[in-house]
Amino acid sequence: MVMLTLKINGHDRTQEVEGRTLLVDFLRGGGLTGTHVGCETSQCGACTVHMNGAPVKACSVFALEAEGADVTTIEGMAQQGDAGDDLSVIQAAFKEHHGLQCGFCTPGMIMSAAALLKDVAQPTEAQIRSHLEGNICRCTGYHNIVKAIMAASGQDVSGVAAQ
């Protein structure tokens, strides 16, 4: 067992972990169950979180690799207002544009989309689709996910046709 210290969603956390503990298991074991375990092979993107500002698949990172890191999960995306439950711009866009169905992939999609929007203010549809290649959704045709991301970037999506 080894002591691990990192910052999760703005809060310091120190805990003893086994060397083989994956970051996704560390997060979920601490009550942050929005980070989903899907394929466990880094193929589906359901476990995507931000580590030091960059998207990573938490099923492919040992918790100890996050020592001293700043980790943001889907729970940390909300803008904590008076009620404590205000949605971030990207979360609100997913809700408004029906960018989800069963919701299993949604946290990873939102975390990946937020990373894209941090780097590209108004991405094209092609850029969005390319960026999401590491995130699998088995329910949708990705159209509303793309539309939600475009809306979150401030683009007019009224003329975006379904595929």
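Reader: How does Asn9 count: buried, exposed or partly exposed?
Author: Asn9 counts as partly exposed, because its relative accessibility is 22%. Buried means under 20% relative accessible area, exposed means over 50%, and partly exposed is in between, with a 1.4 Å probe and protein chains only.

Reader: What am I working from here?
Author: This is a predicted model, where local features need pLDDT of at least 70 and side-chain atom pairs count only at pLDDT 80 or more, while totals for chains, interfaces and linings use all residues. Residues are numbered from 1 along each chain as its sequence is written, and side-chain values use heavy atoms, with hydrogens and water left out.

Reader: Back to Asn9. Where does Asn9 lie?
Author: In the loop between β1 (2-8) and β2 (11-17). Strands (E, at least two residues) and helices (H or I, at least four) are DSSP runs, numbered from the N terminus.

Reader: What is the phi of Asn9?
Author: Positive, about 50 degrees, although Asn9 is not a glycine. Most residues other than glycine have a negative phi.

Reader: What is Asn135 in contact with, leaving aside neighbours within four places in sequence?
Author: Cys44, Gly45, Thr48, Gly108, Met109, Ser112 and Tyr142. Contact means heavy atoms within 4.5 Å.

Reader: OK, helices. How many residues of α5 are buried?
Author: Seven of the 10 residues of α5 (residues 143-152) are buried, so this helix is largely enclosed by the rest of the structure. The buried residues are His143, Ile145, Val146, Ala148, Ile149, Met150 and Ala152.

Reader: What covers them?
Author: The cover includes α2, α3 and α4 (125-131).

Reader: What follows α5?
Author: Gly154, with a positive phi near 90 degrees.

Reader: At what angle do α2 and α5 cross?
Author: At roughly 135 degrees, and their axes come within 8 Å. Axes are lines fitted to C-alpha atoms, for helices over the stretch in contact, and angles run from 0 to 180 degrees between N-to-C directions. The two helices are therefore oblique to each other. Under 35 degrees counts as roughly parallel, over 145 as roughly antiparallel, 65 to 115 as roughly perpendicular and the rest as oblique.

Reader: Is the crossing of α2 and α5 left-handed or right-handed?
Author: Right-handed. A crossing is right-handed if the near helix is turned clockwise from the far one by less than a right angle, and left-handed if anticlockwise.

Reader: Which residues make the contact of α2 with α5?
Author: From α2, Val89, Ile90, Ala93 and Phe94; from α5, Ile145, Ala148, Ile149, Ala151 and Ala152. By class, this contact of α2 with α5 has nine nonpolar, no polar and no charged residues. Ala, Val, Leu, Ile, Met, Phe, Trp, Tyr, Cys and Pro count as nonpolar, Asp, Glu, Lys and Arg as charged, and the others, Gly among them, as polar.

Reader: Now α2 and α3. How do they pack?
Author: Helix α2 (residues 89-96) and helix α3 (residues 106-119) pack at about 125 degrees, with axes 10 Å apart. α2 and α3 are therefore oblique to each other. Their crossing is right-handed. Ile90, Gln91 and Phe94 of α2 make the contact with Thr106, Met109, Ile110, Ala113 and Leu117 of α3. The contact of α2 with α3 divides into six nonpolar, two polar and no charged residues.

Reader: Is Cys59 buried or exposed?
Author: Cys59 counts as buried, at 10% relative accessibility. Cys102 is exposed, with a relative accessible area of 58%.

Reader: Last one. Where does Leu64 lie?
Author: In the loop between β4 (54-57) and β5 (70-72). Leu64 counts as partly exposed, at 28% relative accessibility. Leaving aside neighbours within four places in sequence, Leu64 is in contact with Val2, Leu4, Val17 and Gly19. Leu64 and Gly19 are 45 residues apart in sequence, and 6.7 Å apart in space, C-alpha to C-alpha.
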